[in-house]
Amino acid sequence: MKETSRLGLLLLLAPILLWLACLVILPHIDMLIISLRTRVAARVYEPSFNNYIEFFTEPLYWNTFARTAIMSVTATMMTLMIAFPVSFYIAKMLRGRIKNFLFMLCLIPFWVSELVRTFGWMILLRETGVVSNALQWLGLVDGPVEMLYNDAAIMVGLVYTSMLFMVVPLVTVLDSLDDSLIEAGYDLGGNGFTVTREIVIPHAMPGIASGCVVVFMLTLGNYLTPTLLGGKESLWFTEQIYNQFITRFNWELGSAFGFLLLVLSSVIVWLGLRLSGQTLSQAIR
Amino acid sequence: MSVEVHSPDIDLECSGLVKRFGDFVAVDDVSFSIPTGAFFSILGPSGCGKTTLLRMIAGFQSPDAGDILIKGNSIVGMPPNRRPVNMIFQHLALFPMMSVAENIAYGLKRRRTSKDKIAEKVAEVLERVALPDTGDKRINQLSGGQMQRIAIARCLVLDPALLLLDEPLGALDLKLREQMKVELKQLQSEIGTTFVYITHDQSEALVMSDHVAVMNEGRFEQVGTPQELYYDPKTRFVAEFVGDSNVWFGRVEAADNHRLKVTTEDGLPFLAVAAEGQSMRAGERAEIFVRPESIQLSHGADRMEGFDNNMTGQVDSLLFNGANSAVLVRDQQTGGKILVALPQTGEFANLLKGQDLHLAWNAEQAKCFPAPAEAKTSGTTS
């Protein structure tokens, strides 16, 4: 009896274990090995830390790395700032059908591929785009305005792409907040600000943490949005990885970058959870 | 409502309060005043508008018409956080993200009380609700009764002019509820804060309150002391809702001032009185209420002479419940069942099913109200 139940458990877990092993663990082990060697001649490799040393000695790589981290943290914070009131409105102010309808509205953009959505932003923001033409037609500007290929455009794209992944956990966690706690907060003398700070945010903390973790990881690893909206100068770290692997055929350096990105995201997520007093198991609940 | 001079000892005064939700009138022209230090209950079935009324006083809903005065000052339009009123919510609404002490300190912090003063007041109020060592505990470490007291402490520490309680005992089990009833009443008389308590549980209202308002369909049916409501109900709703009653429907045969001669639908002749404030004429349909404890029981007919109404019947079933035991008697003439409270003398301790019994009560104990249009069958209500 015990034998069969153990076998059953193993069979149930088999797909996920296979998936993790083949698609996550194996490639990372391989990447780690590749990143720790250097090419001395054609098809001749030697173990060394050269790739990592190169990363720390070349300012471009180092700067891109820091810039990606800072931009991702900023995008995550901005997504949180925008998503929190939206989620509060959906979860607490609305009832019944309109609530489900608005929740659905957040989901609808995700029926279209990310590529098409990003092109949507390009159509709006480019020099001959909708916004530029509208401004000219209104007489607010004299000539065409280029709004693509800068940090603001990247930020807009990143926040837009991440919105759903912040709204869903926030709505879920705010839904579970008893209305009478908010009312009690006011009844005992609190105003909108103090009730939000003392009651709503502490209650929503697990949702905030899980939303931020997901959004941060998605943003940090995003390739399409920074490349398309930021252009050649976007300096996103995933682009560097892409360049090393595809353009320069330098798999050794590319693997080292990939590993560094993994370490970076782990460290920042750990820091964020420590600062907000959450644990990972709480955040992903 | 006439214009009154606001005497200083009226804590809360509501006049002509109306609240509508679409076509539904939740609170319909309600006026009342509560003297300082009173324990005032609003008793009514669910959906009668009592919660809406309380939420208007707390400030979570604004009335469509009428005025609310606290110590003579109108608070209509004032946001809830500015009102000198605090509320105990149905599920208490203690903040689970804070400790017990932080919960109590929450309101004081909003008033920018100094840290030392807060610590002092928190300790003081915890002492007062007899939970002096619980300050560092989390809310989920408390028992139901302790949470109840912390919720009260959290409001009392702010010295409100009025404490509103929204059925806070509903979630407790029976034993604890009985205990908390007594505790709440004692606490209220010790601290002297005016309590407004809403409930659908008549025993909570009757046990704790100085005054009770019975509410139905958005209106106050009657306001009075628990004794007045129980012994002199002014409307048939109050007679039906407060306490148990045997109910018969019938027709008034003859009326002599308040004394009535009534024949029930089953053909039983009763002598009864019109309830206070009701005038009944011959020919009118009537509903007759007789309390189970006002019916005399006897094994023999000899002791039942001199009563206005006499009946014989057999024991149908015994409803033993300690001091509240009762017996259901099947009336010999009609087969209808009558609920009679068992006297605590032990005389009827050995009643058996099928035993013959004599019942009797006086006309004063049978109160008549004009019957509503829709016909109902006779029986007991609780």
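## Chains A and B: a working chat

Me: Which strands does helix 1 of chain B lie across?
Reply: Helix 1 of chain B lies across strand 1, strand 2 and strand 4 (65-70) of chain B, and runs at about 120 degrees to strand 1 of chain B. Axes are lines fitted to C-alpha atoms, for helices over the stretch in contact, and angles run from 0 to 180 degrees between N-to-C directions. Helices (H or I, at least four residues) and strands (E, at least two) are DSSP runs, numbered from the N terminus.

Me: What should I know about the model and the numbering?
Reply: The model is predicted: local features need pLDDT of at least 70, side-chain atom pairs count only at pLDDT 80 or more, and totals for chains, interfaces and linings use all residues. Residues are numbered from 1 along each chain as its sequence is written, while chains are lettered from A and ligands numbered from 1 in the order in which they are written.

Me: Back to the sheet in chain B. What is the strand order?
Reply: The order is 2-1-4-5, in an open sheet of 4 strands with antiparallel pairing. Strand 2 (24-35) and strand 5 of chain B are the edge strands, each pairing on one side only. Two strands pair if DSSP finds at least two bridges between them.

Me: How many bridges join strand 1 to strand 2 of chain B?
Reply: Strand 1 (residues 10-21) and strand 2 of chain B are joined by 9 bridges and run antiparallel. B:Leu17 stands opposite B:Val30 in strand 2 of chain B.

Me: And B:Asn73, buried or exposed?
Reply: B:Asn73 is exposed, because it has 11 other C-beta atoms within 10 Å. The cut-offs are 20 or more such atoms for buried, 12 or fewer for exposed, and partly exposed in between, with C-beta atoms placed from the backbone. B:Asn73 lies in strand 5 (residues 73-74) of chain B. Between B:Asn73 and B:Asp11 the C-alpha to C-alpha distance is 9.8 Å, at a sequence separation of 62 residues.

Me: Now the interface. How many residues of chain A are in contact with chain B?
Reply: There are 16 residues of chain A in contact with 17 residues of chain B; contact requires C-beta atoms, placed from the backbone, within 7 Å. Helix 8 of chain A gives the most to the chain A side, with 6 residues. By class, that side has 6 nonpolar, 6 polar and 4 charged residues. Ala, Val, Leu, Ile, Met, Phe, Trp, Tyr, Cys and Pro count as nonpolar, Asp, Glu, Lys and Arg as charged, and the others, Gly among them, as polar.

Me: What do the buried residues of helix 8 of chain A pack against?
Reply: They pack against helix 9 (192-220) of chain A, together with helix 1 (50-58) and strand 6 (85-88) of chain B. The buried residues of helix 8 (residues 179-187) are A:Leu181, A:Ala184, A:Gly185, A:Tyr186 and A:Asp187. Helix 8 of chain A is followed by A:Gly189, whose phi is positive, near 110 degrees.

Me: Elsewhere in chain A, at what angle do helix 3 and helix 12 pack?
Reply: Helix 3 (residues 59-93) and helix 12 (residues 251-276) of chain A pack at about 40 degrees, with their axes 12 Å apart. A:Phe65, A:Ala69 and A:Val73 in helix 3 meet A:Leu260, A:Leu264 and A:Ile268 in helix 12 of chain A. By class, this contact has 6 nonpolar, no polar and no charged residues.

How values were computed. Contact = placed C-beta atoms within 7 Å.
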